[in-house]
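Take a slow look at the model below. Then follow its strands one by one.

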There are 2 protein chains.
Amino acid sequence: MSSPEENAALAAELAEKEAAARALAAEIAALRKRLGGPVSPLAPARFPALAPVAGVTLAADAAGVRYKGRDDVMLVRLEAGSVLAGTFTRSSTRAAPVLWCEARLAALATAAPAPRAIVVNSGNANAFTGAAGTEAVERVARATADALGLAPGDVMMASTGVIGEPLPAERIEASLSRLAAGLSTETWERAARAIMTTDTFPKGATATVEIGGTPVTVSGFAKGSGMIAPDMATMLVFIFTDAAVRPPVLQALVSALTEQTFNAITVDSDTSTSDTLIVGATGQAPMAPIERAESPEADLLRGALGTVMRDLAIQVVKDGEGATKLAEITVTGAESDRAARKVGLAIANSPLVKTALAGEDPNWGRIVMAVGKSGEKADRDRLSIRFGDIPVAEAGWVAPAYSEAAGAAYMRRQELEIGVDLGVGPGRATVWTCDLTKRYVEINADYRS
Amino acid sequence: MSSPEENAALAAELAEKEAAARALAAEIAALRKRLGGPVSPLAPARFPALAPVAGVTLAADAAGVRYKGRDDVMLVRLEAGSVLAGTFTRSSTRAAPVLWCEARLAALATAAPAPRAIVVNSGNANAFTGAAGTEAVERVARATADALGLAPGDVMMASTGVIGEPLPAERIEASLSRLAAGLSTETWERAARAIMTTDTFPKGATATVEIGGTPVTVSGFAKGSGMIAPDMATMLVFIFTDAAVRPPVLQALVSALTEQTFNAITVDSDTSTSDTLIVGATGQAPMAPIERAESPEADLLRGALGTVMRDLAIQVVKDGEGATKLAEITVTGAESDRAARKVGLAIANSPLVKTALAGEDPNWGRIVMAVGKSGEKADRDRLSIRFGDIPVAEAGWVAPAYSEAAGAAYMRRQELEIGVDLGVGPGRATVWTCDLTKRYVEINADYRS
């Protein structure tokens, strides 16, 4: 304990240093803005070379929707005979383009031919824009259809960016002739970059597999990194394959894989009004169409599609706002797979777990807390926790051989594996999250653009 | 765009400033530690004068459980004839003292006399401590009973602090004769301070009401502010009244009021393994016992008890780790009160909403997003949002008269009222939250003690 005089001097010193820290933070923010922001430390070294997919052409253009001097619209064209599947945000305040796409996919149930074009813009999410939002969607669909010689119902759409502002549809319309003229089999990276908002790197993944002797390709790209004022950084994913597959089989594979990939990741637990995943299969590979979801052929396609989806999902977490750590959390011994996923997400979304990751703090007590709050069955006295191969807690207490030093050393890794066994059943699930850093707060609170 | 050389120079300048910021942050943390940490800017000017409650005596002592040089145990004694009610954490990894208290209250159903003592320690939560934890609870109960001439089953207990470490029961045992000798009707503030962990101020509240011409007092205190490594900062609440009331009536009042107060606040969405609320009614006021929860007398007691519980709950939010803003979020027009509360908590727990509060950013799009993710019914085109009296959004779009300047000015207040109408039913609820600041991350990640 210090005297009141000493305390007053310390308090004055503290106030001075706090003011200096605020000034420094403003300078750092300004520098980051001039540099275009830092790339996530978890980013891959480069965008992967995506294998072209027969029947798929892409183009990107600078329409000036909101950003200046960069591509902000992209167009994908699929050859006739393609089929589509998709999954969308479960938000009850879904954006206008999401409602449009859901209606297009619902129409497929009547055996109508699948949409043949996907047009996407960044800079404006066309979300919470009332009737004007629906009109803008219809205008862009009509213009895209005109440019490609299709009907408006053949066009899928997604938008990401600021919400509550009217979408300047005329700027996208003005780009469409250039987009249609620029379609190519090779434009993957430009397309991936055109849909970025707060992303610090473009995200692509590719896989090949032989199905009945025929080589089949799956290539796709994604954007998403959390959210930033005033942009709402939606997750958008577009994946294409030349496999031949019946529409209900493709939808079944995509729905099941979404649960294990894009619905098993979290950056900040917040759900965009615009999340959209579209998978197109052109059927251009010389093979008989896959007729059943339970078949060896479907398993092969599931494997390739799952590889691409998992890769893209993990890249989204690695680009989480302010992220410096990736954590893979595997929960076993739950009552069911669904229960395991819920426990995993309770851990992955816990601010206290995520700040512990940021601080490289082997704070397993917070994992116990998160298991407890999940609402799923767990037996406190059978619960066990591992960091990688290190047993941390078992039988309701700290593991006898565990040392804090070993735990702390493990936490210094950039990519972490956390294992939790609940000891009550056969259910298991894996989820991915990133840490919660001061930079996350900074991005989302301190520096309005 | 700058040249590569300019960019490299900017990047070097950025790296230098980032290093300086880290060094400064460490100095600031060290200063804060020497000063004992700052008090929340939302703290009340002083601890209120709590009215004594006939039949209640309290004592505090420095047992040295973990902290040095401060009180860390407190004891409450209730006169014979008192009744008790309580609510506890719903965590499935509940701490040993919580299981003990739940068993004591369950025994009341057999019309056994209510427990007459409450002993609480800070510094160690006795959570996730296996069989040793249960033994420690039994030792402390026995020692407390011996010191007061009661049976061990007459003793309620709570512990808060580090988890996973054995509770040094012998230190609490050694304090009990001093505690018993020090019992007084006036020791409220010392008791409130003895149970603090990461709290920056002690929390007390008091109310009086006349029931059938008899003045009745309700006084209580609480602790809780979030969590901090390696302590798990549980919420503990102890409230006392001299009202005469039947045990089931008291329990009904307490359970219903908990939903509207302590279960309607959130700091970081994380649930402690130890949350405990105990309400004791001594029956020393000269009145006939309240026999029914639906009666004018019960309504009067509900009013006084609700005032104290709401006051304490809001004080816990005001002491949220790193908090600089208090937000009261009222949701109306929901399908049910339960649905309104769920939507309110989805908004109150959203990291994007909470960082917007910290940044004084009137980002209503994030509120739309949080409503959408709640899973409850909402009509995007009927949704309306208000900041205080300012209409922000209505009928699915920004309100015609809304100006960003007015929203930004409102957000600079320290205490904010956010209104959300869902437009689908009669349900309503109010919840309270604080902002998410860099200081929260700092407390929970950067500086391990």
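What follows moves from domains to strands.

This is a predicted model, in which local features need pLDDT of at least 70, side-chain atom pairs count only at pLDDT 80 or more, and totals for chains, interfaces and linings use all residues. Residues are numbered from 1 along each chain as its sequence is written, chains are lettered from A and ligands numbered from 1 in the order in which they are written, and side-chain values use heavy atoms, without hydrogens or water.

Start with chain A. It is divided into domain 1 (1-37), domain 2 (56-318) and domain 3 (326-446); such bounds come from an automatic or database domain assignment. The centres of domain 1 and domain 2 of chain A, taken over C-alpha atoms, are 45 Å apart.

Now the strands (DSSP runs of E, at least two residues, numbered from the N terminus). Two strands pair if DSSP finds at least two bridges between them. Strand β2 (residues 73-78) of chain A has two partners here. Six bridges tie it, antiparallel, to β1(A) (residues 56-61), where V56(A) faces L78(A). Five bridges link β2(A), again antiparallel, to β4(A) (residues 117-124), with M74(A) opposite V120(A).

How values were computed. Helices (H or I, at least four residues) and strands (E, at least two) are DSSP runs, numbered from the N terminus.
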